[in-house]
Amino acid sequence: MHISICVQEILDFLDIKPGQQGLDATLGYGGHTRKMLEKLEGHGHIYGLDVDPIESEKTKKRLRDLGYGEDILTVKLCNFADIDKVAEEHGKFDFVLADLGVSSMQIDNPKRGFSFKVDGPLDLRLNQQKGISAAQRLKEVTQEELYGMLLENADEPYAEEISKAVIRQRRIRPVETTTDLKQVIEQALSFIPEKERKEAVKKSCQRSFQALRIDVNSEFEVLYDFLEKLPQVLAPNGRAAILTFHSGEDRLVKKSFKQFYKEGIYSDISKNVIRPSQEECARNSRARSTKMRWAIRAQEI
């Protein structure tokens, strides 16, 4: 079961009123969308975007079964970098939410390759019909590229050791499964004292899988495009909230919000990150790394 994060904080900030038009740029399981739909009280419309054809169909059905039909909810299979096209077709939005986390359904599905805890193909694509898998990427990447990827996308402290180990392993046989990659990381960190090794391997696995996922889905490039287009799709006084899950994403959001605020395009932005409560983190361990930032579109430019 996927548990939506910072639901109350998001609803408090977005301040959704019946009759408004909103956008959930990253539909996922639809938990946030459902709560936002409740706030509309049957009047208004929400557009939900997702690149994952498998999960978006399941979510669409789930929300339809709850009574949210085409009159109030439209689900679109598209990347959130294309929000400008959605706004051109449907008009500007009073509120926008982007939750940049991977859903639990994706993480827990062995066929998707998002988790090192279960064996499966090392895929990591959000849309398996497009691009190349992480396994294919590791067949082509140079040691220097992989080192840079681990460092830039995940701040991996053992980037050099892991990138060298992957290239060494590749000469024997390809790294094709989640278990293959985990074993390579275990070998790379074998120099760490035994009592500290298990935790170090776990964290390096988390960071390495994250770095590869960001790479094969071009996540930083997509986020940059989304942030550049966001002010254009917001109605005057429109509100946007973004949930990030690692420092690279948060840096991009913070920089964009500050720049547009400086230019007078946003009338206000969050001065500090908003984090989930201790109670929420205790209930859902995946909430611990979450940071929320918000921005409000100026009434006039």
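Leaving aside residues up to four places away in sequence, glutamate 280 touches Ser4, Ile5, Cys6, Glu9 and Ala287, where contact means heavy atoms within 4.5 Å. The model is a predicted one, in which local features need pLDDT of at least 70 and side-chain atom pairs count only at pLDDT 80 or more, while totals for chains, interfaces and linings use all residues. Residues are numbered from 1 along each chain as its sequence is written, and side-chain values use heavy atoms, with hydrogens and water left out.

Glutamate 280 is placed in helix α13 (residues 278-283), helices being DSSP runs of H or I with at least four residues and strands runs of E with at least two, numbered from the N terminus. With a relative accessibility of 8%, glutamate 280 counts as buried (buried means under 20% relative accessible area, exposed over 50%, and partly exposed in between, with a 1.4 Å probe and protein chains only). A polar atom of the glutamate 280 side chain lies 2.9 Å from the backbone nitrogen of cysteine 6.

In helix α1 (residues 7-14), the buried residues are Ile10, Leu11, Phe13 and Leu14. These residues cover an arc of only 165 degrees around the axis, which puts them on the same side of α1; the arc is that of the directions from the helix axis to the C-beta atoms. Among the elements that cover the buried residues of α1 are α2 (31-40), β4 (93-99), β5 (234-244) and β7 (291-297).

Just after α1, aspartate 15 takes a positive phi of about 50 degrees. Most residues other than glycine have a negative phi. Leucine 124, in the loop between α5 (104-107) and α6 (134-140), has a positive phi of about 70 degrees and is buried, with a relative accessible area of 1%. Asparagine 237, in strand β5, also has a positive phi of about 70 degrees, but is partly exposed at a relative accessible area of 39%.

The structure holds one cavity of 30 Å³ or more, a cavity being a set of points on a 1 Å grid over the protein atoms alone where a 1.4 Å probe fits but cannot get out. About 40 Å³ of space lies in the largest cavity, the volume being the space filled by probe spheres set on the points, which are joined across faces, edges and corners. Its lining, made up of residues with an atom within 4 Å of a point, consists of Leu138, Leu146, Leu150, Ile162, Val166, Leu181, Ser208 and Leu212. At least two lining residues are supplied by each of α7 (143-154), α8 (159-172) and α10 (194-216).

Note on methods
1 Å grid on protein atoms, 1.4 Å probe; cavity = no way out; pocket = protein on both sides within 12 Å on 5 of 7 lines; lining within 4 Å. Polar contact = N/O pair within 3.5 Å; in protein donor to acceptor, adjacent residues only side chain to side chain.
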